[in-house]
Amino acid sequence: MIEPITRPRRKNPLLRTRLPASPPNARSRTAHGFTRAAAEGRFVLQRCGTCSAYSYPAREACPACLSADLVFVDAPRRGTLLSETTVRVPADVYFRERAPWRIGLVGMECGPTMVAHLHADCQEGKSVVMSLQLDKSGQAVAFAHPEHETANMTDDRQWREMTADPKFRRVLVTNGRSAIGQEAVAALKAAGAATIFVGLAEPWKPFRGEDALRTLQGVEIVPLDVGDEKSVSDLAADIAGKVDILVNTAEHIRAGGLLARRTSVVRDEIDQSYLGFVHLAQAFGPAMRMRGADGVNSAAAWVNILSVYALENWPAYGAYSASQAACLSLSHCLRAELRPGGVKVINLFTGPLDTEWFQTVPPPKVAPRVIANAIVSALKNGLEDVFVGDVAEDIRQRLAANPKAVERELGA
Amino acid sequence: MDSKSLLDFAGAVASGAVRVIDLTFTLSPDFPVIVLPPEFGQAAPVRIQQISRYDDAGPAWYWNNLTFGEHTGTHFDAPIHWFTGKDLPNNCVDTLPAHDMIAPACVIDCSAQAAQDPDFLLTIPVVEAWEGRHGRIPERNWVLLRTDWSKKNWRDYANLKDDGAHTPGPDVAVMRWLVEERGVLGFGTETIGTDAGQAGHLDPPYPAHHFLHGGGRYGLQCLRNLDQLPPTGAVIMAAPLKIQNGSGSPLRVLALVSAKA
């Protein structure tokens, strides 16, 4: 039984803020098969192509038949907690600061035995369900959950180290003018965010949903024009130390390819998408990285909403796709730079949205509410790469199979 | 005028006998700009990006890179801005005659009407009534429409509703009349444009742009401090940036006013 976490009190300004430490992060290249799955919330194990045995941890050859034909495949998650250990005085700085820490051996129904971090409600001898999680150093680790839901389950101390749960955290949603921004505010509020700062550029322009947004409890509208460096740094000067989760909902979507495109439109896309991202990262990133271990409401995550066409250009929205590719590249840089603080960078990849700028695109399209729910789900589950909707998932699978085919088909 | 008179004038500026009134808003990123339907090209907003400020990027100096559209902040419209003026000679900010940059102004105070009605339109009878009090508008004068719009907060200043902006401006007949019958040098407003917010629904649409620029005349907008100007007798200095083939430019607009006025 987990004691529910309580809303953190204001900080004691006489105490130094604890700096983040990282758990051990050495992994083999092969082991990044787990990293990839954990980033997407999938559970995989290596399986031998010759004898079909599952194995763990990552290896170069099958421990049963020595075949080198080991492939990461989606695997059954169920197992039994064989034994548990509570580590009380670890040598590692990260775990020492969080001791006591429970780990255990889980016998998987599909064969191998895994060392796993334990949810507090996991009991020896009982069934557990496994997941792969990215820990604070961004590496995949195994995590054992109780078989059935338990009270206050998501408040588990060790689980919260793996996630960026919005509960009691303070969130900045960068654009309150859009449907996605407003849906994100609603979803984050429902998920228990303590405060939601909502950025508003050009406040002299009215917009749909404004009255509702302005009357929401726990929502604070702040001036923020991500394309304007000074606007971003001015806001960061006021609130960067209070932003635990940043959700970048800036969007600038225009149809059209390259040859008929005005340079000024391309520039608008770069200003709003890429430079906006740069400004936000430079203004808010350092404070977030420094506050990665700052208690229940530590800085936890940065969320980008990217077009799946960042991964392969869709010439019908070609210049836009390119601006998204730039943002994707930048997000990997930011992810590396925030990792020492234990702050996750979550990329949501979406197909066409059910918004005005994809009006003439036939369905399926992704509703803003679906994006908002995916944001909360990714935060609660500690994911890094999320493909939202059928189109995004389709592109992901086709890219894994044959990127050249995707290029030709999107450009047909 | 002999050079002594010119020096007397400079002395009068220095002594305060001639007051210099700044009619310009600060060029800043948060000042409202003209809003067009999103499918059209947009004026780039004002951006001020620091290059260095006595730091590792430049230890002893502070400077910025600027970007902005030609029609941002307090700005000048040249005849080439509108299709009606596209074929006129010397119709760009870099080719317009320098002597046009200094000219007297007639200031028509419609602040009371604009306070009553955000869609107030200046008409010929209103101007004729003004002429009855202050005399006929001389040729090659600026006509400045005072509405006190510049004193509003920026949301009320832009005053955007779901059917567009609601801000005062001139009607069709008065614009044609000012250009053709009064030979004005240009027309200036406190609002975001020289035309009224709803001027797209007039015939022709945007009459200030249509007739001013078609007649080779100029526009000034986003002016302030017009309440400090006398109805007649102020001299306006409005020198746009010399942008190659430029359709307009942000600029510093100054008014010279006798301290006795």
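User: What makes a set of residues the largest nonpolar core in this predicted model, and which residues have the most contacts inside it?
Analyst: A nonpolar core is a set of buried nonpolar residues joined through C-beta atoms within 7 Å. The largest such set in this predicted model has 105 residues, and those with the most contacts inside it are Leu246(A), Trp302(A), Leu348(A) and Ile375(A). The element that gives the most to this core is H7(A), with eight residues. In general, nonpolar side chains of soluble globular proteins tend to be buried together.

User: Which residues are in contact with Ile375(A), leaving aside its neighbours within four places in sequence?
Analyst: Ile375(A) is in contact with Ala184(A), Ala187(A), Val247(A), Val303(A) and Leu348(A). Of these partners, Leu348(A) is also listed among the residues with the most contacts inside the core. A second, separate core has 53 residues, including Val107(B), Ile108(B), Ala114(B) and Leu121(B).

User: Why are H7(A) and H8(A) called roughly parallel?
Analyst: Two packed helices are described by the angle between their axes and the distance between the axes. For H7(A) and H8(A), residues 318–338, the angle is about 10° and the axes are 9 Å apart. Angles under 35 degrees count as roughly parallel, and therefore H7(A) is roughly parallel to H8(A). Among the residues making the contact are Ile270(A), Phe277(A) and Ala281(A) of H7(A), and Tyr320(A), Cys327(A) and Leu334(A) of H8(A). By class, this contact has 14 nonpolar, four polar and three charged residues.

User: How do you know whether chain A is as compact as a globule of its length?
Analyst: For 412 residues, a compact globule would have a radius of gyration near 22 Å, and chain A has 22 Å, so the two agree. The C-alpha atoms of chain A fill a box of roughly 60 × 60 × 30 Å along the principal axes. Chain A has eleven helices and 15 strands, and 45% of its residues are buried. Among its contacts between residues at least 6 apart in sequence, 67% join residues at least 24 apart.

User: What value does the globule rule give for chain B, and what follows from it?
Analyst: The rule gives 18 Å for 261 residues, and the radius of gyration of chain B is 19 Å; these are close, so chain B is as compact as a globular protein of that length. Its C-alpha atoms fill a box of roughly 65 × 55 × 40 Å. Chain B has six helices and 15 strands, and 39% of its residues count as buried.

User: Which elements of chain A give two or more residues to the side that touches chain B?
Analyst: The contact takes 13 residues from chain A and 14 residues from chain B. On the side of chain A, helix H6 (229–239) and helix H7 (263–290) give two or more residues. The residues on that side divide into four nonpolar, two polar and seven charged.

User: Why is Trp130(B) called buried?
Analyst: A residue is buried if 20 or more other C-beta atoms lie within 10 Å of its own. Trp130(B) has 20 such neighbours, so it counts as buried. This residue lies in helix H3 (residues 124–134) of chain B.

User: Which peptide bonds are described as cis, and what are their omega values?
Analyst: The bond from Tyr56(A) to Pro57(A) is cis, with omega near -5°. Pro57(A) lies in the loop between strand E2 (54–55) and E3 of chain A. The bond joining Asp203(B) and Pro204(B) is cis, with omega about 0°. Pro204(B) is in the loop between strand E11 (186–189) and helix H6 (207–214) of chain B.

Notes
Residues are numbered from 1 along each chain as its sequence is written. Chains are lettered from A and ligands numbered from 1 in the order in which they are written. This is a predicted model: local features need pLDDT of at least 70, side-chain atom pairs count only at pLDDT 80 or more; totals for chains, interfaces and linings use all residues. Two residues are in contact if their C-beta atoms, placed from the backbone, lie within 7 Å. Helices (H or I, at least four residues) and strands (E, at least two) are DSSP runs, numbered from the N terminus. Ala, Val, Leu, Ile, Met, Phe, Trp, Tyr, Cys and Pro count as nonpolar, Asp, Glu, Lys and Arg as charged, and the others, Gly among them, as polar. A residue is buried if 20 or more other C-beta atoms lie within 10 Å of its own, exposed if 12 or fewer, and partly exposed in between; C-beta atoms are placed from the backbone. The radius of gyration is taken over C-alpha atoms; the globule rule is 2.2 Å times the number of residues to the power 0.38. Axes are lines fitted to C-alpha atoms, for helices over the stretch in contact, and angles run from 0 to 180 degrees between N-to-C directions. Angles under 35 degrees count as roughly parallel, over 145 as roughly antiparallel, 65 to 115 as roughly perpendicular and the rest as oblique.
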